[in-house]
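Me: I would like a close look at one part of this protein, a pocket, and then at the parts around it. Please keep it plain, and give the cut-off for each term as you go.

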Amino acid sequence: MAKGNHSAVSGFILLGLTDNPELQIILFSVFLVVYLVGVMSNLGLIALIQISPQLHTPMYFFLSHLACIDFYFTSSVTPNMLVNFLRAVKSITFFACAVQVCCFITFAVCEMYVLSIMAYDRYVAICNPLLYVILMPRKLCVQMIAGTYIYGFTVGLVQVVATFRLSFCDSNMVNHFYCDDVPLIALACSDTRVKELMLLIIAGFNTLCSLVIVVISYAFILFAILRIHSAEGRMKAFSTCASHLTSISIFYGTIIFMYLQPKSSHSLNTDKISSVFYVVVIPMLNPLIYSLRNQEVKHVLKKIIQKLCLM
């Protein structure tokens with residue numbers, strides 16, 4: 001409920017990860033390296049898929065969009081975080097904060113569903129290999145990705161409108177290193193019950209739906225692999241899923257750690273540590289996982305390097 005007459009805030013101050021100047025310099029150096037590796041890895045993977053005809057399949061089409069989402073996801077938060085490590089006052093305008101919240105939610109939702117689509121793609125490839133090209137035509141792949149982007153942006157826009165319709169007064173200190181829904185709701189001086197309910201229902205729905213698609217897809221994949229008689233055949237089928245399984249394990253493991261902690265041990269400081277992994281580290285890990293654990297990508301990359309060496 002409203003707390004009386006207060007002056008509305010025109011911007012926010014991000015408290016960041018630490019107020020220790022020496023630690024801020026160390027974190028700046030570490031996260032700068034992680035961010036640059038992530039950017040180069042994601043953009044490199046996108047370029048590699050685009051210029052390599054043998055990678056023009058649905059699996060790599062979806063992978064290129066996962067890399068694109070990871071690039072924009074981390075870029076919506078990390079550059080501003082790096083700048084704030086070097087600033088005395090870590091301010092952000094009201095509008096910039098709203099844009100950051102919208103981008104964060106949009107790309108988080110998109111990542112969830114692209115990982116789900118990739119799980120379904122692996123299900124079709126392993127359980128119906130002879131019909132794979134028919135069941136996963138280019139048009140359907142484009143429609144699924146377009147639908148993911150549209151839905152993700154819609155969720156982000158709805159959530160950000162609901163958040164910034166709240167009244168913010170008294171304190172403008174956001175206890176986070178970027179603008180996020182939960183610490184912003186904590187600053188509101190108006191009734192937040194509707195917004196909290198929206199956040200719970202929408203976040204729960206998207207996490208559950210995407211995870212159910214992944215679990216069902218891999219249940220069918222597991223049954224299909226177990227029906228393969230030769231150990232070599234089973235290993236080959238499993239190897240096509242290994243990179244994706246690693247990615248979804250890290251992604252959903254982080255989400256579960258963030259949102260399913262006991263209330264007694266839950267804190268915004270814990271959320272900040274989890275968010276670093278979620279926003280900065282995972283976008284760097286995904287392209288490395290798909291590059292280092294994928295034989296086709298390694299083979300194409302090796303051929304390109306050999307050609308460049310001969311030039």
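Reply: A pocket is found on a 1 Å grid over the protein atoms alone, as an open set of points with protein on both sides within 12 Å along at least five of seven lines; a cavity is a set of points where a 1.4 Å probe fits but cannot get out, and lining residues have an atom within 4 Å of a point. Grid points are joined across faces, edges and corners, and a volume is the space filled by probe spheres set on the points. This is a predicted model, in which local features need pLDDT of at least 70 and side-chain atom pairs count only at pLDDT 80 or more, while totals for chains, interfaces and linings use all residues. Residues are numbered from 1 along each chain as its sequence is written, and side-chain values use heavy atoms, with hydrogens and water left out.

The second largest pocket has a volume of about 500 Å³. Its lining is made up of 24 residues, and those nearest the centre are Arg-122, Lys-236, Ala-237, Ser-239 and Thr-240. Two or more lining residues come from each of helix H2 (58-75), helix H4 (94-127), helix H9 (231-259) and helix H11 (295-310). Helices (H or I, at least four residues) and strands (E, at least two) are DSSP runs, numbered from the N terminus. Of these contributors, H9 gives the most, with 6 residues. By class, the lining has 12 nonpolar, 6 polar and 6 charged residues. Here Ala, Val, Leu, Ile, Met, Phe, Trp, Tyr, Cys and Pro count as nonpolar, Asp, Glu, Lys and Arg as charged, and the others, Gly among them, as polar.

H2, H4 and H9 each supply at least two residues of the cavity lining, which divides into 4 nonpolar, 3 polar and 2 charged residues.

The largest cavity has a volume of about 70 Å³. Its lining includes Leu-14, Asn-84, Lys-90 and His-176, and the largest share, 3 residues, comes from H3. The classes are 5 nonpolar, 5 polar and 1 charged. Asn-84 is found in helix H3 (residues 78-85) and counts as buried at 4% relative accessibility. Buried means under 20% relative accessible area, exposed over 50%, and partly exposed in between (1.4 Å probe, protein chains only). Leaving aside neighbours within four places in sequence, Asn-84 is in contact (heavy atoms within 4.5 Å) with Leu-14 and Lys-90; both of these also line the largest cavity.

A nonpolar core is a set of buried Ala, Val, Leu, Ile, Met, Phe, Trp, Tyr and Cys residues joined through side-chain atoms within 4.5 Å. The largest such core has 86 residues, of which Phe-12, Phe-62, Phe-164, Phe-168, Leu-184 and Tyr-278 touch the most other members. H4 gives the largest share of this core, 20 residues. Beyond its neighbours within four places in sequence, Tyr-278 has contacts that include Phe-73, Phe-104, Ala-108 and Phe-251.

The partners are Cys-97 and Cys-179, with sulfur atoms 2.0 Å apart, and the link is left-handed, with -120° about the S-S bond. Cys-97 lies in helix H4 and Cys-179 in the loop between strand E3 (173-174) and helix H7 (181-187), so the pair ties together parts that are 82 residues apart in sequence. Both Cys-97 and Cys-179 are buried.

Cys-127 is partly exposed, with a relative accessible area of 24%.

Note on methods
A disulfide is a pair of cysteine sulfur atoms within 2.5 Å.
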